Amino acid sequence: LLEKREYKDILINSFRFCLDQQQAIIYAFVIMENHFHVVWEILEPFTLLKVRQNMLKFTAQKILADLVDHNQEEILNKFLVRHQDRHFQIWKKNPHSFEIFTQEVFHQKIKYIHSNRWNLGNGEVDSEYLYSSAKYYETGIRDWDFLFEYT
């Protein structure tokens, strides 16, 4: 589903919104074909649960609206769930989250998400892949205005 650039951009705009609303600081991310990873710090008084829930709900609504607008019924049917509160489920119900308590684990997670880029094959970081913060961590070139450097 995230192969389309437009859908990746919806996630990017959600990251910007989190920063603009002072809900979170984004340190690293990668958006792949069917999921994404983000290393972020949720700011008080917000909670991880609420920020993540709002972001996933917003992005799902935007993606679903686009699929409906473009008559993408075949794709829509893949996400059909017919629950009481929704007909479609874009994101997993319980996404994985890990709390980071040490600088060592922080750097490990960033390295993992940057080297987790599909089709790379050799485990090395693809710093040329657009929808990732890998280029910033390798070169210092900050292509994404919402990224924060960890100090």
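Author: A definition comes first: a residue is called buried when its relative accessible area is under 20%. Please note also that this is a predicted model.

Reader: Understood. Which residues of α2 are buried?

Author: In helix α2 these are V51, R52, M55, L56, T59, A60, I63, L64, D66 and L67.

Reader: Why would residues three or four places apart point the same way?

Author: An α-helix has 3.6 residues a turn, so positions three or four places apart point the same way.

Reader: And what do the buried residues of α2 pack against?

Author: They pack against α1 (5-20), β2 (36-42) and α3 (73-78).

Reader: How many residues does α2 have, and what is its reach?

Author: Helix α2 covers residues 48-69, which is 22 residues. From its first C-alpha to its last it reaches 31 Å, close to the expected 32 Å. Just after α2, N71 takes a positive phi of about 50 degrees.

Reader: Let us turn to the whole protein. In what order do the elements run?

Author: Starting at the N terminus, the order is α-β-β-α-α-α-α, which comes to five helices and two strands. The radius of gyration is 16 Å, close to the 15 Å that the globule rule gives for 151 residues, so the protein is as compact as a globular protein of that length.

Reader: What share of the protein is buried?

Author: Buried residues make up 36% of the 151 residues.

Reader: Finally, how many positive and negative side chains are there?

Author: There are 18 positive and 21 negative side chains, and the centres of the two sets lie 6 Å apart.

Note on methods: Residues are numbered from 1 along each chain as its sequence is written. This is a predicted model: local features need pLDDT of at least 70, side-chain atom pairs count only at pLDDT 80 or more; totals for chains, interfaces and linings use all residues. Side-chain values use heavy atoms; hydrogens and water are left out. Helices (H or I, at least four residues) and strands (E, at least two) are DSSP runs, numbered from the N terminus. The radius of gyration is taken over C-alpha atoms; the globule rule is 2.2 Å times the number of residues to the power 0.38. Buried means under 20% relative accessible area, exposed over 50%, partly exposed in between (1.4 Å probe, protein chains only). Lys and Arg count as positive and Asp and Glu as negative; His and the chain ends are not counted. The place of a charge is taken as NZ of Lys, CZ of Arg, CG of Asp or CD of Glu. The expected span of a helix is 1.5 Å times one less than its number of residues. Contact means heavy atoms within 4.5 Å.
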